[in-house]
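Colleague: Could you take a close look at one part of this model for me, and then follow it outward to whatever surrounds it? I would like the cut-offs stated as you go.

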Amino acid sequence: MMRIRRYLRGSGRVLAFVFIASVIWLLLDMAALRMSMDDVNSQLLKERVIRDREISKQQRGTQLVKQGFKNPVQRVDFAVTRAGKGPLSSSIKLAHVYRHGGQKAGHQGGHLPKADEPKHVASEHKEGHYNVALKQDGPAKKKAVDLDLNGMKSETSRGMDVIIKRTLPVVVSNTTQVPPVVHKNKHGKKGPIHSEPKVETVTEVSVLKPVEAHPVKTTTKLIQKDGKGKVVDDTASVHKVISLDLTNVPRDANAMGQFGQAALVASNEDAEVKKRWNEGHFNVFLSDKIPVDRAVPDTRPEMCAQHLVHDNLPSTSVIFCFVDEVWSTLLRSVHSVLNRSPPHLLTEIILVDDFSTKDYLKEQLDTYMSQFPKVRIIRLKERQGLIRARLTGAAVAKGEVLTFLDSHIECNVGWLEPLLERVYLDRKKVPCPVIEVISDKDMSYLLVDNFQRGVFKWPLVFGWSALPEEYIRKNNMTVSDPIRCPVMAGGLFSIDKKYFFELGTYDPGLDVWGGENMEISFKIWMCGGEIEIIPCSRVGHIFRGQNPYKFPKDRQKTVERNLARVAEVWLDEYKDLFYGHGYHHLRDRKAINIGNLTDQIELRKKLKCKSFQWYLDNVYPDMKPPLVQAEGLVFNRGLRKCLTLQKGSLSFDTCDLSSQSQHFNYTWMRHVRQQDLCIAPHGNGSGFALQLCDNAVPEHRWLHKSSNSALADHLIAEYASKRMCLEAGPKGDTLHLNSCESRNAFQKWEFTKYHTQ
Ligand code: LR7
Ligand code: MN
């Protein structure tokens, strides 16, 4: 009996121990479950945002945005968050979110001056319009969530097939094992990396999706075509692009703007929003409330996550120049690089402070950044402008590649490797990410249409334009293929450092802001390089209505002076088109000093760069700019005869298309000319003369088809203060100047062919 009692007492202890242990285990388990539920919740929310986006993409089908100079923002359904309240069950439908972007480099306001409309440089910015409609949909249902997860699964399992069949220009010949992580090539040399079993980079990576923690490394041969279609055999080993994102499981899934969602401010905070707007010319109030390390939706085309890149890519210095940048956006820019760049490819982040005036950008910034050993801050002693600030950054950079970024961006998942891969394949390639839009109003991350490239219109105005559909079809292009880009937007690109210096960097004579993107673009293309947009690399940028900082000199004059330098050095005979589109006044070198160009012209010769005509024919063939505004016979309506130049004198004759003596050009310089002879008013304004054409002489310029519709058919002498028009005598024996009369048929002239409306 006693023994039984003792036995029970002993086993009771054991039982009690087992009981307590189970309770503790249960508690731990519940805590773990709660934590993983949080993870799952945030993951699900993120997936929902992505799914919404996919659905809206599918609804749009493959339809391309019409050619236009607007920001090609897609219609996106996004969930909305509000401070402290978590995700709302409604989503915001952004309809026609075509905003002010696009027109920059002097015309950021979206206004293109007409040929005869003198000098407008972005002085009149029109705020972009949003048509925002709230669309109610019920709380996320479990069923929908399940669907999402299925979708995700099938996506990953499909991946490799997709890349084998469809990725251009990289063709995978065979894929083998799934070995360990990417190794850092310590020597930064190109060539295969031999077994280095130690995992260096991943120790810094705390949160990785399992698949990304073990990117596929293959011993595969990559057979790729170089730009000219030549097949290059490359035996270096490759891996699946690292979709690293340390914000993947955000600390606070319900934070404002999380996952790049639109954030709302309460109506009683409107005044505060307004008050702070001018600090950055975007919603600074809201930006300050959004985590500096928020997650954004992975907007890459589906197959991008499966693309292979080389193990031994060169590493890069990321250079941010800033002047008076808003604290939260500057930090978000830096965090997005730190959180989404494979550490072994990021040599450093260089912040070049272009003599900012804000206190918080001094000691406070030093202190904040001191926690990140890779971040260096360089302070300029006087305001240099972004062009020379970038050059300062480039001069001290230690990376093999330079990556320039604006200071109000967010790099998306997997943004870096696809850029570096292009430089690795060919050091003369200059890759740019797709620039997506961070809304200046609600800070949402908006994806843009596919197949967009940077182009320019006259007078060197940057804009976006979709690749012609025929070109896409002919080249069998998929949405993830690199896109040849005639002009880069300017702020976001990678370039081999040595190559950047070989090209002579930027023209250091360019001041403060504007035009440098044209300069570097023409230089790259005409001197043997290539600019590409890489759809698998995506970076959001806040497009602002105005520059939030002061210009040391007049903004308009600064930009037009920069553009004139670019035109003089790079445009050859096409520079007339630049001046002819509203910049005639820049011809007068007494009024505007564009500085010395000798070095730049010498550089172009030294680099043996091709002509602008070559650039137009080969890089931007769809532009086909006419070298003259109008040409052919010059018909007088009243006389019903044509102007004839014979033996140095003008007369009228029966119109004859085959007669060379009746052929005249109306040029961008507004000359009416035959060869190098120009028609000019003469004497006290009653006669005319033939003179050797001279661009600097106002007397040689005639307004024709000007914006004054009543006198559109007239030839108005530009130099005269009073409106004087070229008039034929009724008998056809005189040509003289007279006061303009809109109905006078003897003052109406018509060229055979007009190249402009
Ligand atoms: O004096 C200055 N010093 C600077 O350091 C002026 C500017 N900056 C900094 C500034 O803080 C910012 O980080 O330089 C960067 C670019 O200035 P923004 O953001 O005012 O320029 P932007 O985005 O309006 O203009 C575009 O065109 C510029 C022309 O010179 C530059 O090339 C910008 O980099 C470029 N931005 C982009 O390409 C992003 C996409 C825009 C489009 C289309
Ligand atoms: Mn910018």
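Modeller: Leu 313 is buried, with a relative accessible area of 7%, where buried means under 20% relative accessible area, exposed over 50%, and partly exposed in between (1.4 Å probe, protein chains only). This is a predicted model, in which local features need pLDDT of at least 70 and side-chain atom pairs count only at pLDDT 80 or more, while totals for chains, interfaces and linings use all residues. Residues are numbered from 1 along each chain as its sequence is written, chains are lettered from A and ligands numbered from 1 in the order in which they are written, and side-chain values use heavy atoms, with hydrogens and water left out.

Leu 313 sits in the loop between strand 10 (308-310) and strand 11; helices (H or I, at least four residues) and strands (E, at least two) are DSSP runs, numbered from the N terminus. Its C-alpha atom is separated by 8.5 Å from that of Val 423, although the two residues are 110 apart along the chain. Val 423 is one of the buried residues of helix 9, a helix spanning residues 416-425 in which nine of the 10 residues are buried.

A polar side-chain atom of Asp 354 lies 2.7 Å from a nitrogen atom of ligand 1, one of Ser 407 lies 2.7 Å from an oxygen atom of the ligand, and a backbone N or O atom of Ala 489 lies 3.4 Å from an oxygen atom of ligand 1. Taken alone, ligand 1 exposes 800 Å², and the protein buries 98% of that, with areas from the Shrake-Rupley method and a 1.4 Å probe.

Of the elements that supply this shell, strand 19 is largely enclosed by the rest of the structure, because six of its six residues are buried. Val 461, Gly 463 and Ser 465 cover one side, and Phe 462, Trp 464 and Ala 466 the other. Strand 18 (residues 452-457) runs antiparallel to strand 19 and is joined to it by six bridges, where two strands pair if DSSP finds at least two bridges between them.

The manganese ion (ligand 2) has Asp 406 (OD), His 408 (NE2) and His 541 (NE2) as protein donors, lying 2.2 Å from it; donors are N, O and S atoms within 2.8 Å of the metal (3.2 Å for Na, K and Ca), and water is not among the atoms, so sites may look incomplete. Asp 406 and His 541 are both buried.

Key:
Polar contact = N/O pair within 3.5 Å; in protein donor to acceptor, adjacent residues only side chain to side chain.
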